[in-house]
Amino acid sequence: MQGENTIEKVRCLIIGSGPAGYTAAIYASRANLHPVLYTGLQMGGQLTTTTEVENFPGYPDGVTGPVLMEDMRRQAERFGTDMRFGIVTEVDFSVKPLRVTVDGEKQLEADSIIIATGATARYLGLPSEERFRGLGVSACATCDGFFYKGKDVAVVGGGDTACEEATYLAGLCRKVYLIVRKNYLRASKAMQDRVFNTSNIEVLFEHNTKDLYGTDMGLEGAHLLYKIGTPEEKEIDIKIDGFFLAIGHTPNTEVFKKYITTDEQGYIVTEGKSTRTNVPGVFAAGDVMDPVYRQGITSAGSGCRAAIDAEHYLAQL
Ligand SMILES: Cc1cc2nc3c(=O)[nH]c(=O)nc-3n(C[C@H](O)[C@H](O)[C@H](O)COP(=O)(O)OP(=O)(O)OC[C@H]3O[C@@H](n4cnc5c(N)ncnc54)[C@H](O)[C@@H]3O)c2cc1C
């Protein structure tokens with residue numbers, strides 16, 4: 001039994017319970033690293049917020065996000081992962097062993113740490129976005145685009161991601177509106193060319209989304225404001241079944257930033273093809289270090305790599 005002020009010692013600490021964290025836990029526990037995993041507030045990660053997942057291998061008939069994550073959790077526990085509910089609130093990576101505080105009070109010392117805290121998609125903040133989340137509103141075209149085959153959809157954003165998502169959806173959907181706040185696209189010239197050369201994409205420059213509407217069955221359309229705050233301001237209505245946010249993600253790295261190198265968007269920078277961060281013994285896996293792919297399977301893959309990297313590191317200590 002640990003006393004109140006005793007610092008617990010851990011060989012491998014995993015922070016986060018999405019596909020990256022759980023996969024790292026499966027590998028680390030099978031390698032006898034006795035991992036302790038802190039789930040954070042969202043046990044099971046982002047996939048617990050979605051219904052059908054059709055692109056995770058091994059589930060030929062699809063699976064719901066919560067069931068998939070529950071399966072992963074049970075698999076990690078089967079090999080002895082110590083699963084705990086708690087949020088990492090502070091770290092000190094200037095010392096060895098590495099120091100971590102959970103929920104503002106519990107202290108741990110870890111020989112190795114795998115950060116798998118994910119990234120959070122940005123939304124516009126409209127109450128109707130919440131209402132239609134999973135019923136037409138999505139922040140991931142690769143994940144949900146297929147459900148809108150042959151339908152009309154809109155993408156919000158003016159950067160590379162928005163243009164990429166719009167062209168991806170144009171290959172599936174009948175019509176794609178690209179809603180852009182400014183009177184220009186921020187995307188690279190090549191991406192812009194792809195958008196302008198795709199006949200079923202209509203770019204709506206200088207439009208803001210005022211509200212979304214529909215029924216309990218799902219989204220039916222959006223009210224947009226053209227040239228907001230000018231004498232030319234007017235409201236237009238577009239009928240759409242899907243509304244895709246592509247205005248960026250916020251990697252959950254705030255608590256690590258003092259020690260861990262991140263890029264200009266806040267994603268953790270890892271060394272070459274490894275999951276090694278700039279701090280020896282600290283590894284990163286999943287969406288938190290991946291501004292490009294951000295999928296369940298890619299996160300699981302990097303969770304596996306992080307556990308193997310941690311195992312090699314611990315073997316050399
Ligand atoms: C609506 C939606 C639908 C999606 N559909 C699909 C799909 O169909 N197929 C697909 O492949 N991908 C899909 N994705 C993307 C997929 O969910 C992500 O790529 C994947 O979940 C990323 O996994 P991760 O382990 O890196 O992080 P996450 O799943 O984001 O998990 C992060 C974890 O870190 C924890 N955490 C954060 N901060 C702390 C902290 N300080 N201390 C402790 N824990 C912390 C959180 O509680 C959470 O458990 C979808 C995403 C969304 C939002």
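This briefing walks through the ligand site, a surface patch and some backbone details of the structure above. The model is predicted, so local features need pLDDT of at least 70 and side-chain atom pairs count only at pLDDT 80 or more, while totals for chains, interfaces and linings use all residues. Residues are numbered from 1 along each chain as its sequence is written, and side-chain values use heavy atoms, with hydrogens and water left out.

**Ligand site**

- The ligand is surrounded by 31 residues, each with a heavy atom within 4 Å of it; the closest are S17, Q42, Q46, D287 and G296.
- This shell divides into 11 nonpolar, 18 polar and two charged residues; Ala, Val, Leu, Ile, Met, Phe, Trp, Tyr, Cys and Pro count as nonpolar, Asp, Glu, Lys and Arg as charged, and the others, Gly among them, as polar.
- Helices α1 (19-30) and α7 (296-316) each supply at least two residues of the shell; helices are DSSP runs of H or I with at least four residues, strands are runs of E with at least two, and numbering starts from the N terminus.
- A polar backbone atom of Q42 is 2.7 Å from an oxygen atom of the ligand, and a polar backbone atom of G40 is 3.3 Å from a ligand nitrogen.
- In the side chain of S299, an N or O atom is 3.3 Å from an oxygen atom of the ligand.
- Taken alone, the ligand exposes 1000 Å², and the protein buries 92% of that (Shrake-Rupley method, 1.4 Å probe).

**Surface**

- L41, F85 and I87 make up a nonpolar surface patch with about 330 Å² of accessible area together; patch members have over 30% relative accessible area and no salt bridge, and nonpolar side chains are joined within 5 Å. A salt bridge is a side-chain nitrogen of Lys or Arg within 4 Å of a carboxyl oxygen of Asp or Glu.
- F85 sits in the loop between β5 (82-84) and β6 (88-92) and is exposed, at 54% relative accessible area (exposed means over 50%, buried under 20%, partly exposed in between).
- N55, in the loop between β3 (52-53) and β4 (63-64), is partly exposed at 41%.

**Backbone**

- Most residues other than glycine have a negative phi, and most peptide bonds are trans.
- The peptide bond from K96 to P97 is cis, with omega near -5°.
- D103 has a positive phi near 55° and lies in the loop between β7 and β8 (106-115).
- E206 also has phi near 55°; E206 belongs to the loop between β13 (201-204) and β14 (207-215) and is partly exposed at 24%.

Technical notes. A polar contact is a pair of N or O atoms within 3.5 Å; within protein, one must be able to donate a hydrogen and the other to accept it, and residues adjacent in sequence count only if both atoms are side-chain atoms. Patches are made of residues with over 30% relative accessible area and no salt bridge: like charges are joined within 9 Å, nonpolar side chains (Val, Leu, Ile, Met, Phe, Trp, Tyr) within 5 Å. Buried means under 20% relative accessible area, exposed over 50%, partly exposed in between (1.4 Å probe, protein chains only).
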